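Please keep the sequence and the structure in view while reading.

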Amino acid sequence: HMTGDIHAVTAANNLLAAQMDARIFHELTQKDGPLYDRLVPKIKGVRKFSAIQLRRLKRLGIDKTDPDSLTAEEKTKFARLDIDPSKIMWNRVVDLNDRYLRKITIGQSPTEKGFTRETAFDISVASEIMAILALGNDVDDIKERLANMVVALDRNGNAVTADDLGMTGAILVLLRDAFEPTLMQTLEGTPVLVHAGP
């Protein structure tokens with residue numbers, strides 16, 4: 001496992017994939033009101049937008065900060081990503097070349113209510129997250145790049161990002177220790193810094 005970077009990238013990549021599929025499922029099985037209430041719940045009688053939700057509102061052109069002040073139309077616009085299952089660009093990853101995972105069908109469990117789709121696995125080091133980890137300048141730059149990753153298109157052809165899914169912070173946490181290079185040595189005993197994937 002070397003420095004653990006590949007494992008961290010795999011976990012972060014697959015967490016994003018799982019969140020996207022869960023979001024599609026919940027949008028297909030819930031009405032607008034309950035979906036909005038799940039995304040912005042009342043905690044001790046108070047409803048607040050998180051920082052990542054405020055960024056989404058800004059991208060949507062909604063300049064309100066009170067969750068209860070949104071119109072029904074704005075709530076729907078905020079809550080529904082409306083991802084087109086045929087336009088998903090984000091695959092799960094695994095750290096080996098398993099040819100039988102190059103095309104799979106997910107969602108076959110009865111609990112998924114018949115919402116199946118074809119997808120695929122890529123090799124972990126091919127994840128965009130690995131490229132960001134390897135090329136990012138600092139934590140702020142990496143966070144911005146992670147937020148802007150396009151994972152799918154909605155039914156109108158607009159980009160859906162990791163930030164739209166609310167996943168930037170969670171991905172960053174999984175990658176936290178992978179930011180640091182690891183001091184190793186060559187067979188000749190020369191010190192070398194190993195960082196990110198091949």
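Taken together, the strands form an open sheet of three, whose order is E3-E8-E9 and whose pairing is antiparallel. Strand E3 (83-88) and strand E9 (159-161) lie at the edges with a single partner strand each, so one side of each has no neighbour in the sheet. From one strand to the next, the twist averages 50°. As background for reading any such sheet, side chains in a regular strand alternate between the two faces of the sheet.

Which residue takes a positive phi in the hairpin of E8 and E9? The residue is Gly157, with a phi near 85°, in a hairpin that has four residues between the strands.

## A second pair of strands

Strand E10 (residues 182-185) pairs with strand E11 (residues 191-194), and this pairing is antiparallel, over four bridges.

## Helix H1 and its neighbours

When two packed helices are described, the angle between their axes and the distance between the axes are given. Helix H1 (residues 5-29) packs with helix H7 (residues 168-175) at an angle of about 165°, and their axes are 8 Å apart. Because angles over 145 degrees count as roughly antiparallel, H1 is roughly antiparallel to H7. The crossing in which H1 passes H7 is right-handed. On the side of H1 the contact is made by Ala8, Val9, Ala11, Ala12, Leu15 and Leu16, while H7 contributes Ala170, Ile171, Leu174 and Leu175. Sorted by class, the contact of H1 with H7 has 10 nonpolar residues, with no polar and no charged ones.

A further neighbour of H1 is helix H5 (residues 128-135), and here the axes come within 9 Å and cross at roughly 130°. H1 and H5 are therefore oblique to each other, and H1 passes H5 in a right-handed crossing. The residues that meet are Asp5, Ile6, Val9, Ala12 and Asn13 in H1 and Ile129, Met130 and Leu133 in H5. This contact of H1 with H5 divides into six nonpolar residues, one polar and one charged. Val9 and Ala12 are named in the contact with H7 and also in the contact with H5.

## Helices H2 and H4

Helix H2 (residues 32-39) and helix H4 (residues 72-79) pack at an angle of about 65°, and the distance between their axes is 9 Å. Is the crossing in which H2 passes H4 left-handed or right-handed? H2 passes H4 in a left-handed crossing. Asp32, Leu35, Tyr36 and Leu39 of H2 meet Lys75, Thr76, Phe78 and Ala79 of H4, and the residues of this contact divide into five nonpolar, one polar and two charged.

## Confidence of the prediction

Since the model is predicted, the confidence values belong beside the description. The mean pLDDT of the chain is 94, and 98% of its residues reach 70 or more. Which elements have the lowest and the highest mean pLDDT in the chain? The lowest value belongs to E10, with a mean of 87, and the highest to E8, with a mean of 98.

How values were computed. Residues are numbered from 1 along each chain as its sequence is written. This is a predicted model: local features need pLDDT of at least 70, side-chain atom pairs count only at pLDDT 80 or more; totals for chains, interfaces and linings use all residues. Side-chain values use heavy atoms; hydrogens and water are left out. Axes are lines fitted to C-alpha atoms, for helices over the stretch in contact, and angles run from 0 to 180 degrees between N-to-C directions. Helices (H or I, at least four residues) and strands (E, at least two) are DSSP runs, numbered from the N terminus. Angles under 35 degrees count as roughly parallel, over 145 as roughly antiparallel, 65 to 115 as roughly perpendicular and the rest as oblique. A crossing is left-handed if the near helix is turned anticlockwise from the far one by less than a right angle, and right-handed if clockwise. Contact means heavy atoms within 4.5 Å. Ala, Val, Leu, Ile, Met, Phe, Trp, Tyr, Cys and Pro count as nonpolar, Asp, Glu, Lys and Arg as charged, and the others, Gly among them, as polar. Two strands pair if DSSP finds at least two bridges between them. pLDDT is the predictor's confidence in each residue, from 0 to 100.
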